[in-house]
Amino acid sequence: MPRYFFHISHRDRRVEDPEGADFDVLDAAEQEAAATLRELIAAALVAGKPSTLEAIDVADNEGSTLSTIDLIDATEPVFSFTRHIASRG
Amino acid sequence: MNAVKVTQGQVNNRLLRLLPEEAFRLLAPHLEPIDLPVKRSLVQAREPIEHVCFIENGLASMVAESSDGKSIEIRHIGFEGVAGYPVVLGVDQTPNKTFMQVSGAGIRIATDDFLPVLENHAARQLLLRYVHTCELQLAHTALAAAKYNMHQRLARWLLMCHDRLDGNDLPLTHEFLALMLGVRRSGVTDELHVLEGLHAIKATRGNVHILNRIMLIEIAGGCYGVPEEEYERLIGGDLQVTSQR
């Protein structure tokens with residue numbers, strides 16, 4: 001099973017994933033990245049803290065970014081209006 | 001069976017140290033020092049608890065699993081406790097499993113050789129009080145899960161690990177911390193980075209170095225400390241390793 005790394009992009013910093021995790025296919029890793037973003041946004045919302053979160057880069061063992069999941073990718077299944085709002089912005 | 005004779009003065013486990021001398025003498029011939037490598041199983045789910053194991057050092061985790069495969073850590077057991085403690089309550093097995101999260105050592109004893117010690121009043125009281133502190137730890141885990149945010153819960157868990165491990169280096173993976181907190185692994189990575197920014201910890205691969213314990217207690221808010229105070233009050237023997245503070 002390939003190992004994927006989830007590097008987190010904030011507006012002002014990048015958090016490297018030192019461990020990685022195994023997934024069957026990239027699609028499953030992307031879903032994990034989206035679920036993680038939702039969890040982090042939810043935590044920030046509940047705590048009433050401003051979030052600087054922007055995206056998660058899913059990378060392979062060699063450090064190449066395979067896919068970038070942003071907040072819109074992560075929240076679109078939940079808030080169908082996010083892309084509409086984003087396009088207005 | 002055991003070649004090494006275990007004496008009460010040399011053990012590190014708080015419960016063994018605090019047993020009345022006559023109770024310890026009863027156990028002594030059956031006590032078996034063992035190495036506890038990481039992932040070593042101490043209690044298997046739904047299997048007879050054949051041994052109890054007093055942890056000398058290292059960290060064991062008790063984990064609850066749902067019928068559809070979700071799991072969360074419900075208990076830390078270090079040198080303040082004993083794995084397999086449900087036998088004290090008269091049960092033969094449990095759906096929860098216990099295994100080592102940080103390698104160490106322990107002193108184990110077959111359940112059949114251990115149970116007679118409960119006939120000693122003071123020993124029984126000590127062990128029942130320990131089980132009560134386990135219940136308190138679980139109660140406060142529930143409180144933390146429901147009423148505190150991840151940032152605070154992570155600080156609590158790090159403090160609980162720090163209480164039980166020697167020194168300031170906690171050999172914990174993000175995957176383990178995620179299991180403890182019931183969150184996704186990357187969420188732990190992100191929160192550790194925040195704690196690093198505050199200079200409370202220094203995280204490297206597979207290790208969390210505690211830089212500022214007082215700050216972690218402040219970050220945890222009220223979700224750390226009550227079970228620890230009760231352990232001190234009811235059992236004593238210094239839950240926190242004094243050498244590291």
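Helices (H or I, at least four residues) and strands (E, at least two) are taken here as DSSP runs, numbered from the N terminus. On that basis, chain A reads β-β-β-α-β-β-α-α along its sequence, a total of three helices and five strands.

Before I continue, some conventions. This is a predicted model, in which local features need pLDDT of at least 70 and side-chain atom pairs count only at pLDDT 80 or more, whereas totals for chains, interfaces and linings use all residues. Residues are numbered from 1 along each chain as its sequence is written, chains are lettered from A and ligands numbered from 1 in the order in which they are written, and side-chain values use heavy atoms, with hydrogens and water left out.

Of the 89 residues in chain A, 39% are buried; buried means under 20% relative accessible area, exposed over 50%, and partly exposed in between, with a 1.4 Å probe and protein chains only.

Let me turn to the salt bridges, each defined as a side-chain nitrogen of Lys or Arg within 4 Å of a carboxyl oxygen of Asp or Glu. Over all chains, this rule gives 14 of them. In one, Arg14(A) meets Asp57(A) at 2.7 Å, N to O. Arg14(A) lies in strand β2 (residues 14-15) and Asp57(A) in strand β4 (residues 53-59) of chain A, so the pair ties together parts that are 43 residues apart in sequence. Arg14(A) is partly exposed, at 37% relative accessibility, while Asp57(A) is buried, at 11%. These two residues and Glu16(A) are linked in a network of salt bridges.

Which residue of chain A forms a salt bridge with Arg185(B)? The partner is Asp17(A), with the closest N and O atoms 2.8 Å apart. Because Arg185(B) belongs to helix α7 of chain B and Asp17(A) to the loop between β2 and β3 of chain A, this pair joins two chains. Both ends are buried: Arg185(B) has 9% relative accessibility and Asp17(A) has 4%.

Within chain B, Lys97(B) and Glu65(B) form a further salt bridge, at 3.4 Å, N to O. Lys97(B) lies in strand β6 (residues 97-110) and Glu65(B) in strand β3 (residues 51-65), so parts 32 residues apart in sequence are tied together. Lys97(B) is partly exposed, at 27%, and Glu65(B) is likewise partly exposed, at 41%.
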